[in-house]
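Subject: Two-chain model, handed over

Hi,

Here is the structure I promised you. Please open it alongside this note, and my findings follow below.

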Amino acid sequence: MLRFFRRKPAPKPKRRRVVKKPRKPKATPRRRGPPSRGEAIGAFFEPRAVLVVGASGIRAEPTQEFFRPTVENMLRFYRGKTHVVDLSGRLEGASRDLRKVRGKAELAILTLPQGPALKNVKRLVDARVRAVIAAPRYEQGVREELEAAVKRGVRVLGPNAAMGTLNTRNGLCASFERGLMPKQGGIAIISQSNSVGAAILDSACFRGIGVSKFVSTGDAVDVNEAELIDYLSRDVNTRVICVGIREVREGRGFVEAVRRAAEKKPVVVLKGGVVGEQDKIYDAAIKQALAIRVRDVEELLGVAEALAKQPLMLGDRVAIISNASGPAILVADAIHREGLILAKLSEKTAKAMAHKYPGISVVNPLELGVGAEAKCYGFTLEQVLADPGVDGVVVITALKSRPLEPDDARVVAEVAKKFKKPVVGVAMGGEDHILVHDALKDMSVPVYDLAEKAVCALKALRRYGQIRWRVGG
Amino acid sequence: MAAKKEIIELFASIRGQNRRELLEFEAKKVLSAWGVKTTRIELARDTNEAVKLAREIKYPVVLKIASPDIIHKSDARGVKVGLSSEIEVKQAFEEIVANVRAYKPDANILGVAVQEFIPPAREVIVGTLRDPSFGPVVMFGLGGIWVEVLKDVSFRLAPITKEDALEMVQEIRGYPVLAGTRGAPPADFEALADLLQRVGELAVEFPEISEIDLNPVFVFDEGKGVVAADARIILGEG
């Protein structure tokens with residue numbers, strides 16, 4: 001029976017890869033002095049070239065193979081140059097000697113086991129890399145070597161950072177989990193835990209959520225979360241920063257960094273492992289850092305997707321548009337639970353609706369009737385978004401026993417982009433949800449399968465609206 | 001910065017006595033120096049001093065044992081309330097000392113503290129603690145079962161702004177009790193926010209303070225202020 005639990009091999013064209021002509025990343029201009037510590041973080045995401053160092057003959061950790069999958073990922077996705085050094089000399093095209101790649105790469109991914117790593121960390125520094133991702137856990141000895149490398153001006157990510165870094169813009173995939181390359185988008189992810197990070201990326205790939213950059217920090221002997229948050233807050237491709245933390249190492253520094261970033265773009269924090277009083281202290285710290293706290297991976301991505309795609313919500317009043325009454329009631333309940341309120345629609349909206357669709361009674365939730373088609377959705381949404389008494393809208397599209405087609409839901413995103421108010425979609429169920437979700441996944445309106453998730457996303461847009469108002473931006 | 005100097009000296013003298021926990025009258029001295037309103041309390045070493053202090057403070061008064069070896073004063077029958085005459089104060093003094101001697105014969109008794117009596121009002125708890133990752137943290141909760149049973153408390157990293165202070169008051173579930181229900185007037189939120197800010201600043205300014213616990217703090221109606229009726233301050237090790 002056990003074999004049923006074994007992992008299935010991944011189907012080949014499982015993940016969508018952005019098909020573009022390979023393009024060499026721009027070479028960073030040579031400089032005389034060493035780069036400042038802040039600038040050097042860039043080498044983890046936009047290196048001139050990458051070096052993967054491992055030994056194909058020995059595993060770095062008894063249960064985990066890092067080297068080969070990392071090489072595969074880099075060769076498959078990265079549009080820059082990947083140099084491979086295999087100390088076992090088995091991999092085709094790989095060099096056997098670190099001295100031969102001197103000066104060739106800015107970023108090195110170290111996957112060697114403890115023994116050979118002891119000698120080779122120093123050689124990496126001699127090979128003039130600027131940044132090292134230390135994938136395995138590593139024990140004392142190698143850790144000290146890594147710290148010595150940091151003293152010589154090299155930046156180190158990890159150890160225990162096997163999920164490495166990822167950049168959807170240049171295809172950098174310095175990770176050992178095969179094929180996790182989400183599409184391009186505005187969400188950056190920092191994860192202390194490799195497996196939580198992998199789950200977030202897997203989920204982003206599966207649900208077609210766009211990511212800008214990803215980084216796992218592991219045991220952080222050098223580069224920490226605060227520094228990465230600073231870096232990502234300056235990254236033009238990142239609109240939302242998500243941080244998954246297990247333990248906050250330097251609490252005040254972390255809070256300061258999040259706060260600085262949150263004044264520019266939303267920061268979402270996933271923090272587990274604390275209960276009772278400790279949990280409340282984290283709540284307070286995250287609140288004072290002007291960040292938004294979430295409780296699980298799905299909520300993280302749901303909230304981040306809305307923050308990346310939709311405008312902020314500047315008031316508490318929500319309108320619901322639906323072709324089914326039951327789901328509308330569930331959304332209304334969620335609105336109350338989240339401390340938002342049901343908007344009261346204006347006379348003007350009522351008149352415009354009565355003129356065009358006399359059969360629809362203009363109360364919130366606005367029920368369009370089972371026969372509602374794309375045109376009716378579009379017209380109604382336009383009226384409701386123009387209503388000064390409405391700050392945000394939830395649009396429910398039910399497909400079962402209705403003439404509405406999944407593609408009809410696209411009208412929601414088309415109308416929404418004309419206004420500066422947030423709109424989120426709800427398509428409940430299983431297959432129906434996927435159908436609507438897929439129809440809209442490359443558009444700006446996120447679609448959720450539950451009322452709770454949609455309203456939670458709207459609430460995050462409201463919360464960030466309050467934060468921006470508070471910092472005066 | 002006279003206040004700061006006074007507090008530093010007091011802490012040094014406590015450490016000199018090999019103690020980490022301040023006695024109530026000492027803690028209140030620190031708080032008063034820092035601008036936190038507390039019930040007036042003075043140490044009397046004998047009955048004559050007690051009577052003199054009671055007259056100064058004005059009757060009725062409360063007498064409480066002052067001993068570093070007695071943590072729970074009521075358990076040792078070391079508290080007498082509602083004393084309104086010289087005879088009562090003298091009697092109470094003797095009784096308290098006798099009770100504590102019987103409770104713990106080797107207790108080091110510094111004397112008996114004489115404290116002003118305040119008619120009770122809405123009770124809240126204000127405190128600080130030192131979190132291993134975040135440093136000084138301010139805590140707020142409603143007194144009694146709200147904190148003990150329902151764990152209805154809110155936190156903020158110190159120092160806090162007035163806005164933070166008001167938010168932490170509004171955040172607790174028991175907030176309506178303070179906002180005023182069934183015709184009761186609202187509590188003095190301004191004074192409460194000021195107290196929370198000051199306590200936070202105290203914890204930030206003196207890293208050697210590991211814990212402050214004001215329990216209870218009486219919160220009077222709007223415009224009438226707040227007063228810390230009992231106070232504990234514990235210093236960190238070393």
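Two strands count as paired if DSSP finds at least two bridges between them. Please also keep in mind that this is a predicted model.

**The sheet in chain A**

By that rule, chain A has an open sheet of five strands, in the order 2-1-3-4-5. The pairing is parallel. Strand 2 (81–86) and strand 5 (155–157) of chain A are the edge strands, and each pairs on one side only. From one strand to the next, the twist averages 20 degrees.

Strand 4 (residues 131–134) of chain A runs parallel to strand 5 of chain A, and three bridges join them. Val132(A) has Val156(A), in strand 5 of chain A, as its bridge partner.

Helix 2 (residues 67–77) of chain A lies across strand 1 (49–54), strand 2 and strand 3 (107–110) of chain A. Its angle to strand 1 of chain A is about 160 degrees.

**The sheet in chain B**

Chain B has an open sheet of four strands. The order is 1-4-2-3, and the pairing is antiparallel. Strand 1 (41–44) and strand 3 (79–83) of chain B each have a single partner strand, so one side of each has no neighbour in the sheet. The twist here averages 25 degrees from one strand to the next.

Strand 1 of chain B pairs with strand 4 (residues 111–116) of chain B over four bridges, in the antiparallel sense. Leu43(B) stands opposite Ala113(B), which is in strand 4 of chain B.

**Where the chains meet**

How many residues of each chain are in contact with the other? Chain A brings 15 and chain B brings 20. Together the chains bury about 1500 Å², with 51% of that on carbon and sulfur atoms. Arg252(A), Ile281(A) and Gln288(A) supply 39% of the area that chain A buries against chain B, more than any other three residues.

Ten residue pairs are in polar contact between chain A and chain B, counting pairs with both residues at pLDDT 80 or more. On the chain A side, helix 7 (251–262) and helix 8 (276–288) are the elements that give two or more residues. Helix 8 of chain A gives the largest share, nine residues. That side of chain A divides into six nonpolar, three polar and six charged residues.

**Salt bridges**

The whole structure holds 50 salt bridges over all chains. Four salt bridges run between chain A and chain B. One salt bridge links Glu163(B) to Arg470(A), with the closest N and O atoms 3.6 Å apart.

Another to look at is Lys309(A) with Glu305(A), at 3.0 Å from N to O. Why are these two separated by about one helical turn? Because they are four residues apart in helix 9 (residues 297–309) of chain A.

Best wishes

Definitions and conventions: Residues numbered from 1 in each chain as written. Chains lettered and ligands numbered in written order. Predicted model: local features only at pLDDT ≥ 70, side-chain atom pairs only at ≥ 80, totals over all residues. Heavy atoms only, no water. Contact = heavy atoms within 4.5 Å. Buried area = accessible area lost by both parts, 1.4 Å probe. Salt bridge = Lys/Arg side-chain N within 4 Å of Asp/Glu carboxyl O. Polar contact = N/O pair within 3.5 Å; in protein donor to acceptor, adjacent residues only side chain to side chain. Nonpolar A, V, L, I, M, F, W, Y, C, P; charged D, E, K, R; others polar. Axes fitted to C-alpha atoms, helices over the stretch in contact; angles between N-to-C directions.
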